[in-house]
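Dear colleague,

Please find below the structure that I am handing over to you, with its sequence. My notes on it follow directly after.

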Amino acid sequence: MTRWITRFALMAAAWALSAAAWAQSVVAPGPSNNSHSVLMFDVQAVNALTVTGLSTNMNSSGTTSIEIWGRSGSHVGHTSSTSGWTLLGTTASFSAVSGTVYSIPLALSAPVPAGDTYAFMIRSTVNSISIRYANGAGTPGVTTVASDANLRVLEGTGADETLASNFTPRQLVGEVRYTLEITPPTSVPTLGQ
C-alpha cells in the first residue's frame, strides 16, 4: 500500500510540474517625458514564453479605455495603419489619473517562441488621455530598453490616434508580464530510482 501511495504522489508531482508556469515581468522604469495616443514597441523572447499583461502610464486624468494590438514580428514598417495587426482586446472604461502607472486590465495570451520578436501597440481610445512614454536614444526594434534572462523590451514608436504621425524613438514606461513554461519531466521515477 505504501509503495502505491508513493507512486501516486510522484505521478501527481510530475503532473503538477507539467502544468506549472513561472510568472515574471520586465519593468521599463522611465522616467516618462512625452506622450501621445499610441505606443508601439517590440519584445524579443530569449526563451519561449507567453506575454500575459502590460502596464503603462497615463498622461491625463479622465475616463478612457485602452486597446492592445499585437503582431508577430517587429512593429517597424507597420506603424501607419492597423493592417497586419490583430486586436488582442479592449478594456472596459476606467478613470485614469495623470502620472499613475496602470496594470492594463486585459488578460493577454501572446506566445513568443525563443528567438522570435512580437510587437505590441497600446492605444488610448480617448485622444485627450494619452499614453506616457519616454523619448528614446536608440533605434526602434533594435535597441534594448529593459531586459531579463528571458525577455528583451526594445525601443518603439509613438503615434497620434490616426497613426498618420509617428515619433521615434520612444520607450515603454511600464511593465511586460509573462509566464515562462516549465518543461515537464519525460518520465515518472519509480521507487528504485
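S60 sits in the loop between β4 (49–58) and β5 (62–64); helices (H or I, at least four residues) and strands (E, at least two) are DSSP runs, numbered from the N terminus. With a relative accessible area of 19%, S60 is buried, where buried means under 20% relative accessible area, exposed over 50% and partly exposed in between (1.4 Å probe, protein chains only). A polar atom of the S60 side chain lies 3.1 Å from the backbone oxygen of S128. Beyond its neighbours within four places in sequence, S60 is in contact (heavy atoms within 4.5 Å) with A96, V97, S98, S128 and I129.

The model is predicted: local features need pLDDT of at least 70, side-chain atom pairs count only at pLDDT 80 or more, and totals for chains, interfaces and linings use all residues. Residues are numbered from 1 along each chain as its sequence is written, and side-chain values use heavy atoms, with hydrogens and water left out.

The average pLDDT (the predictor's confidence in each residue, from 0 to 100) is 87 for the protein, and 83% of the residues score at least 70. Over residues 4–20 the pLDDT is below 50, and this stretch has eleven contacts in the model beyond near neighbours in sequence.

As to the overall make-up, the protein has one helix and 16 strands. Of its 193 residues, 44% are buried. Among contacts between residues at least 6 apart in sequence, 82% join residues at least 24 apart.

T79 is buried, at a relative accessible area of 14%. Its side chain is joined to that of N166 by a polar contact of 2.4 Å; such a contact is a pair of N or O atoms within 3.5 Å, and within protein one must be able to donate a hydrogen and the other to accept it, while residues adjacent in sequence count only if both atoms are side-chain atoms. Leaving aside neighbours within four places in sequence, T79 is in contact with M40, T157, L163 and N166.

The structure holds three aromatic pairs, that is, rings of Phe, Tyr and Trp (its six-membered ring) whose centres lie within 6.5 Å, with planes under 30 degrees apart counted as stacked, over 60 as edge-to-face and the rest as tilted. One of them is the tilted pair of F41 and F120, at 5.9 Å centre to centre and 35 degrees between the planes. Because F41 lies in strand β3 (residues 38–45) and F120 in strand β11 (residues 117–124), this pair ties together parts that are 79 residues apart in sequence. F41 is buried at 0% relative accessible area, and F120 is likewise buried at 0%. Ring pairs link F41, Y118 and F120 into a cluster.

Apart from neighbours within four places in sequence, the contacts of L54 include F41, F120, E175, V176 and R177.

E175 and R177 meet through their side chains in a salt bridge (3.3 Å, N to O). The count comes to one salt bridge, taken as a side-chain nitrogen of Lys or Arg within 4 Å of a carboxyl oxygen of Asp or Glu.

With kind regards
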